[in-house]
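Here is a briefing to read alongside the sequence and the 3D view. Take it one topic at a time.

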Amino acid sequence: MAGLIMGIDLGDDYSQVSCWNPGTETAEALTVTEDESSCLISSVICKKKTEDVWYVGEEAYRRALLNEGVMVDKLIKLARRDGSATIEGVKYTASELLYRFVNELMKMTRERFGGDGVESLVFTVQSLEGSFADLLVEIAGRCGVPRGCVHIMTHAETFLFYVLSQQRDVWANACCMFDLTEEGLHYYEMRVIRGRRPQIAEAWHEKQEDGFDLSVLDTESGRHMGDLILVSCARRLLARKVFSSVFLTGRGFVTTDWAPDFLTYVCQKRKVFAGQHVFASGAACAAADQLRETSAYPFTFLCEGRIESTVSVNARWGGRSEKVVLAEAGTNWYEARSSVELIPDGTDTLEFQIQPASSPRTDKVRVNLDEFPRRPNKTTRIEVIVAFNAENSMTVRVRDLGFGELFMSSGKTIRKDFLLS
Amino acid sequence: MSGMLLCRSQQAAEPYYVEELGISLYTGEELSYYIYHNAPLIGEDFLGERLYRFIGSGLGMENLEKKLRKWADQAELSELLLVILQDIHYYDGDELYEFREEMNALTRMSPGRRLLKKADMLFARGRYSAAEHAFGSLLEGNYPERKDPGFRGLLWYSLGMTAARQYLWQEAADCLVEAAKDLHQPEVRESLWQIRRIAPDVKIPDEIFADIEPSALAEWDASFSRIREQARSEGHAADAAVWMNKDNIRRACGLRELVRRWKNEYRISLGGI
């Protein structure tokens with residue numbers, strides 16, 4: 001039996017899981033209700049009193065209400081803060097609780113889809129920080145998923161994967177998405193810029209200031225007010241643009257009958273889809289793509305989580321000058337780590353070319369190597385390591401490797417951080 | 001042309017050991033550098049199974065290995081060395097031209113001059129035992145240059161310097177006394193004077209210094225004191241001084257490593273590994 005190809009959307013309010021079905025070439029959501037109508041798993045965990053038994057989602061709520069256990073919510077926020085929670089006098093770190101939560105999700109997925117282990121896993125989160133991404137990789141490892149099979153993506157990235165996995169007419173023009181959750185209203189927009197090779201798939205995301213708490217939808221007047229707010233947002237965001245489709249997602253759009261005016265407005269000459277597993281299914285599509293030799297998405301992705309510029313150095317080999325690419329625009333920044341070994345010839349400056357994917361200009365940044373010991377020309381081998389801390393934050397480390405036993409390495413490393421515009 | 005060179009050849013897990021210098025080479029660039037800067041040390045025996053295996057399996061340059069094996073019996077050593085340098089791409093066209101010129105000059109040299117160049121290079125690289133052997137061969141061998149007093153004196157002088165670098169003061173003095181018979185430059189006797197200052201027990205005939213003016217002797221003394229003073233703040237002494245300012249743990253580690261390096265240098269200078 002083949003391993004699972006999974007996408008897990010970790011949200012503060014709820015999480016979702018989708019699995020790639022290689023037979024139908026589609027992502028299938030993990031449903032958590034008997035009638036398979038809901039795929040939202042509340043991001044809460046409950047420990048059964050006096051026993052080492054853990055529950056997640058609605059079952060966790062139920063156990064807590066029955067006073068059978070102690071519940072912890074806001075797991076993602078807690079983990080990002082590196083916080084902790086005390087249950088029955090025992091202090092649990094947020095990472096431990098998140099591990100137990102993810103482990104339960106894995107168990108539920110295996111029960112539903114079967115599968116022998118996990119072949120590829122993509123976590124998708126609202127925003128990506130290095131330490132949180134490291135934690136997710138570690139958690140996946142504890143759940144038996146090797147490092148090389150785990151990828152972390154932002155919601156913007158998995159939104160792109162989801163939309164681009166749909167029929168072409170869905171994204172012929174721009175697409176947008178309203179994500180209404182307990183956290184507020186998030187607006188996503190994507191478009192494909194044609195006429196370039198590869199084409200650019202660009203997405204951006206913005207949290208709307210005029211979002212509202214979902215509890216207002218409990219009353220008739222609140223629902224009316226929510227509808228008015230959405231219409232106002234849609235008028236502002238969709239004006240003077242051509243959209244092929246509009247996606248509605250998040251707990252707020254489990255039903256849409258409370259927002260008739262908004263629906264009337266967005267449905268004008270556009271396809272409108274309401275669904276609950278955009279990010280998780282996008283993540284499953286991405287997980288499946290990671291296993292392909294050639295990507296089924298021949299685009300340069302430009303969005304949160306992806307590097308905007310190509311970083312390269314010019315180096316000579318065999319009498320010819322070559323552009324050595326260290327980070328390609330459109331690469332997930334967390335995974336964009338590369339190295340190259342060079343030998344300075346008549347120079348003590350290492351120069352990088354920074355070429356934004358969306359503009360023809362090329363910027364240059366330099367690292368001065370004069371901290372390294374003076375040696376005869378061409379007898380210092382350097383290792384250049386490029387890594388990113390965010391989409392536009394690059395760290396360069398240059399290590400003096402010496403020149404074998406002819407000129408021993410000093411062991412020195414020069415580190416420089418660059419903010420790429 | 002300034003810029004960056006791209007290192008394409010892989011690092012060999014099994015290095016190529018260069019006996020002449022007592023070092024191991026791990027990359028194509030290091031091999032190129034060794035060939036380019038040590039041509040007088042490289043003899044016909046350099047091109048052999050060990051080198052072919054290093055290039056093919058170690059550096060992953062199977063094509064170059066095949067080429068060398070194919071042409072081993074047909075081409076000159078200098079041509080094959082050029083093939084290696086060209087394929088590794090560490091040197092550009094101008095540098096390869098210079099190397100070709102140097103190889104041509106070496107080929108045109110008499111065997112005695114070629115051996116002297118090798119001996120001088122071994123001395124410069126700190127391989128004193130091997131250098132001593134080469135200078136000795138020149139003195140004992142049937143080389144026509146030996147009849148030239150200048151050449152012979154130079155060999156004795158070099159042999160004396162080689163012994164001095166190995167702290168063999170009596171041998172060094174004996175060689176320099178021989179050198180002084182053929183060479184009349186004051187440096188030879190100044191070196192003898194310095195040996196007498198370093199090792200007073202060494203037997204040096206007094207008549208060597210008989211015609212030296214007292215003022216010249218005073219100048220040699222002053223020069224010796226200057227050199228000794230300089231030695232206290234440079235070279236090995238300076239390397240050690242760096243560690244004396246560190247904390248206890250780092251100082252102990254640093255000095256241990258330094259002594260290990262010195263011992264290694266000493267072993268290499270004596271021809272060991």
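Among contacts in chain B between residues at least 6 apart in sequence, what percentage join residues at least 24 apart? The figure is 52%. Two residues are in contact if their C-beta atoms, placed from the backbone, lie within 7 Å.

This is a predicted model, in which local features need pLDDT of at least 70, side-chain atom pairs count only at pLDDT 80 or more, and totals for chains, interfaces and linings use all residues. Residues are numbered from 1 along each chain as its sequence is written, while chains are lettered from A and ligands numbered from 1 in the order in which they are written.

**Chain B overall**
- Chain B has 13 helices and 3 strands. Helices (H or I, at least four residues) and strands (E, at least two) are DSSP runs, numbered from the N terminus.
- The C-alpha trace of chain B spans about 65 × 60 × 35 Å along its principal axes.
- Of the 273 residues in chain B, 29% are buried. A buried residue has 20 or more other C-beta atoms within 10 Å of its own, with C-beta atoms placed from the backbone.

**Helix α1 of chain B**
- Helix α1(B), residues 28-37, is mostly covered, with 8 of its 10 residues buried.
- Among the buried residues of α1(B) are B:L31, B:Y33, B:Y34 and B:I35.
- In chain A, the buried residues of α1(B) pack against β20 (338-345) and β24 (393-405). In chain B, they pack against β2 (16-18), β3 (23-25) and α4 (77-88).

**Helices α6 and α7 of chain B**
- Two packed helices are described by the angle between their axes and the distance between the axes.
- The axes of α6(B) (residues 111-124) and α7(B) (residues 128-140) come within 8 Å and cross at roughly 160°. Axes are lines fitted to C-alpha atoms, for helices over the stretch in contact, and angles run from 0 to 180 degrees between N-to-C directions.
- That angle makes α6(B) roughly antiparallel to α7(B), a term for angles over 145 degrees.
- Residues of α6(B) in the contact include B:L115 and B:F123, and those of α7(B) include B:A131 and B:F135.

**Domains of chain A**
- Chain A is divided into domain 1 (4-153), domain 2 (158-280) and domain 3 (309-419). The bounds come from an automatic or database domain assignment.
- The centres of domain 1 and domain 2 of chain A, taken over C-alpha atoms, are 26 Å apart.
- Their contact takes 15 residues from domain 1 of chain A and 9 residues from domain 2 of chain A.
- On the domain 1 side of that contact, β2(A) gives the most, with 4 residues.

Notes: Angles under 35 degrees count as roughly parallel, over 145 as roughly antiparallel, 65 to 115 as roughly perpendicular and the rest as oblique. A residue is buried if 20 or more other C-beta atoms lie within 10 Å of its own, exposed if 12 or fewer, and partly exposed in between; C-beta atoms are placed from the backbone.
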